[in-house]
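The sequence and model come first.

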Amino acid sequence: MVSPPSDLLEFRALFEAQYAYACRALRRLGIRDGDVNDVAQELFLQLHDDFALFDRERPFRPWLYAYAVRLAANYRRLARHKASEISEGERDTKVPTSERRAIRDLVARALERLPDDQR
C-alpha cells in the first residue's frame with residue numbers, strides 16, 4: 001500500500017486543527033450559520049489547491065484568514081444571500097414589509113461602509 005504524500009498528511013492535520021477556527025472566522029465575516037459548513041468546505045478546497053504556495057515558515061492562520069475574507073466578500077456579493085437575509089422567524093413579525101425592507105437596507109449600507117474585518 002502506498003502512503004499518502006507528506007503534504008497531504010500535513011494539510012489534513014492543519015484541516016483538523018483549524019476547521020473550528022475557520023467556521024468562527026466565517027461567521028464573524030458575515031456568513032450565515034446555515035451556510036458556514038459549505039463555505040468552510042470551499043475555503044479548505046481553495047487552501048488545498050494553493051497549498052504548494054504556502055510558506056511553511058509562516059503561521060497558517062493568517063493565510064487561512066486571508067482566504068476566508070475573500071470568500072466572505074464574494075458570499076456577501078451574491079444577490080441570493082441579500083434577498084434571504086430575513087429569516088423565517090422575522091417574517092412573522094408585525095412590522096410592515098416596507099419598514100423591514102428599509103431597516104434591512106439601512107443595515108446593509110452601514111455594513112458596506114465597514115472594513116471587511118469589522119463586518
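My notes on the model follow, from the overall make-up to single residues.

**Ground rules.** I worked from a predicted model, in which local features need pLDDT of at least 70 and side-chain atom pairs count only at pLDDT 80 or more, while totals for chains, interfaces and linings use all residues. Residues are numbered from 1 along each chain as its sequence is written, and side-chain values use heavy atoms, with hydrogens and water left out.

**Overall make-up.** I looked up the secondary structure and found six helices and zero strands. Helices here are DSSP runs of H or I with at least four residues, strands are runs of E with at least two, and both are numbered from the N terminus. Along the sequence the pattern reads α-α-α-α-α-α. I then looked up burial: 29% of the 119 residues count as buried. Buried means under 20% relative accessible area, exposed means over 50%, and partly exposed lies in between, with a 1.4 Å probe and protein chains only. For contacts (heavy atoms within 4.5 Å), I took the pairs with a separation of 6 or more; residues 24 or more positions apart account for 59% of them.

**α1 against α2.** Helix α1 covers residues 6-28 and helix α2 covers residues 36-49; I read an angle of about 140° between them and an axis separation of 10 Å. Axes are lines fitted to C-alpha atoms, for helices over the stretch in contact, and angles run from 0 to 180 degrees between N-to-C directions. The pair α1 and α2 is therefore oblique. Under the scheme used, angles under 35 degrees are roughly parallel, over 145 roughly antiparallel, 65 to 115 roughly perpendicular, and the rest oblique. The crossing of α1 with α2 is right-handed. A crossing is right-handed if the near helix is turned clockwise from the far one by less than a right angle, and left-handed if anticlockwise. The α1 side of the contact includes L8, F11, F15 and Y19, and the α2 side includes V36, V39, L43 and L47. By class I noted 13 nonpolar, three polar and one charged residues in the contact of α1 with α2. Ala, Val, Leu, Ile, Met, Phe, Trp, Tyr, Cys and Pro count as nonpolar, Asp, Glu, Lys and Arg as charged, and the others, Gly among them, as polar.

**α1 against α3.** I read about 45° between α1 and α3, with the axes 10 Å apart. They are therefore oblique to each other, and their crossing is right-handed. From α1 the contact takes L14, Q18, Y21, A22, R24, A25 and L26, and from α3 it takes F60, R61, L64, Y65 and A68. These residues divide into nine nonpolar, one polar and two charged.

**α2 against α3.** The angle between α2 and α3 is about 125°, and their axes are 10 Å apart. That makes α2 oblique to α3. The crossing of α2 and α3 is right-handed. Among the residues in contact are V39, E42 and Q46 of α2, and W63, Y67, L71 and Y75 of α3. I noted eleven nonpolar, one polar and one charged residues in the contact of α2 with α3.

**The core.** Which residues have the most contacts inside the largest nonpolar core? They are L43, L47, F60 and L64, in a core of 25 residues. A nonpolar core is a set of buried Ala, Val, Leu, Ile, Met, Phe, Trp, Tyr and Cys residues joined through side-chain atoms within 4.5 Å. The elements giving two or more residues to this core are α1, α2 and α3 (60-77). Of these, α3 gives the most, with nine residues.

**Single residues.** I checked L43, leaving aside neighbours within four places in sequence, and it is in contact with A22, L26, L64, Y67, A68 and L71. L64 is in helix α3 and is buried, at 0% relative accessible area. Not counting residues up to four places away, L64 touches Q18, Y21, A22, L43, F44 and L47. With the same exclusion of residues up to four places away, Y65 touches Y21, A25, L29 and D117. Y65 and L29 are 36 residues apart in sequence and 10.0 Å apart in space, C-alpha to C-alpha.
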